[in-house]
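Hi everyone, thanks for coming. Today I'd like to walk you through some charged side chains, so let's bring the structure up.

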Amino acid sequence: MQSPLPVRDGVNATRLRLPDEGPWDTAMDYMMHRWGHIDPQGIEDRFDAGEIVGEAGIPLDRATPLRNHTFIWYYRTLPPEVRIPVELDILHQDDHLLVVDKPHFLPTTPGGTYIQESALVRLRNQLDLPDLIPMHRLDRMTAGILLLSTNPETRGKYQVLFEKRQVRKEYECVAAAEPAPGNPAVDFPLVVRNRMTKSRSYLLAEVIDGEPNAETRIERLRTFEGPGAAAPAGHVPGSAADGDSRRRALYRLEPHSGKTHQLRVHMASLGLGIVNDAFYPQLLDKAPDDYSKPLQLLARGIRFADPITGKPVEYRSGLELSEAR
């Protein structure tokens, strides 16, 4: 549903669905029920200023009945954010697409505690492109190639490519050269295929029984010596905190599906947890970001037949994984 309010400071207006019934007479009564414990004066001020609107951009006031609107839109008051000390590199821009190298630690889209400090909002403000929309998503901790649509009129042509899996993606990661003890030996290249699920209420993705819906081809490119540092307390071999002297390797990952955390789960399932992964195979206690230890996962390249020109195109990341240099 199209928002009647424009993007402001790089951020979309928030949409709220009003209930069909309840103990609230007005839309403001309901907003007070939801958010009044946080900023009651701010809610009243927004209604008085006509900054909360319904369908077609009709301003609401304090007395607007709840039943008059199904959806309303408003701008949130955003808390100040500490700038994440990383930068985006623009690799390509034309009338339809923007291609950037997204660094580790920067989320693709706003959410949670990261609003202004997201790739999308930064780029909208930097380039004055309020209609900018990402064509796919990279995890906050994953770096590399990110495609964004700059033109709403041609956006659908690119979205169809992703929906029909006509976009080929290539990733790289660093993990142990051999599986952790207790895991079977692995012959490369290989294909991991299983069924994955992730609920909104659970932090981790899981492998479950059933028809496979996730597939990744994995190839080992080269091996090299690990850091040889002492393992921290509570260390699990093959985990994100793996600091032992086992040899490490650079891997190429080619996903043929796009499940949440798919590459991290598939590597961990082989006893080859990606270096600095705080989720798989072991969920570590939440800690402040350590910018010296990014997740060793990189979206290296993406290729497809451009739906506007019909020509094959490929975009490659200029970033390198710090553990593979």
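Here is a question to start with: which side chain meets that of Asp48 in a salt bridge? It is the side chain of Arg62, with N to O at 2.8 Å. Please keep in mind that we are looking at a predicted model.

Now, where do these two sit? Asp48 belongs to helix 2, residues 40-48, while Arg62 is in the loop between helix 2 and strand 2. The pair links distant parts of the chain, 14 residues apart.

Let's move on to Arg83. Its salt bridge partner is Glu87, and the closest N and O atoms are 3.1 Å apart. Arg83 is partly exposed, with 46% relative accessibility.

My next pair is Glu320 and Arg300, whose side chains meet in a salt bridge at 3.3 Å, N to O. Is Arg300 buried or exposed? Arg300 is buried, because its relative accessible area is 6% and the cut-off for buried is under 20%. Glu320, at 47%, is partly exposed.

Finally, have a look at a whole group. Glu170, Arg217, Glu219, Arg252, Glu254, Glu314 and Arg316 are joined in a network of salt bridges. And how many salt bridges are there in the model? The count comes to 20.

Technical notes:
Residues numbered from 1 in each chain as written. Predicted model: local features only at pLDDT ≥ 70, side-chain atom pairs only at ≥ 80, totals over all residues. Heavy atoms only, no water. Salt bridge = Lys/Arg side-chain N within 4 Å of Asp/Glu carboxyl O. Helix = DSSP H or I, 4+ residues; strand = E, 2+ residues; numbered from the N terminus. Buried < 20%, exposed > 50% of the residue type's maximum accessible area, 1.4 Å probe, protein only.
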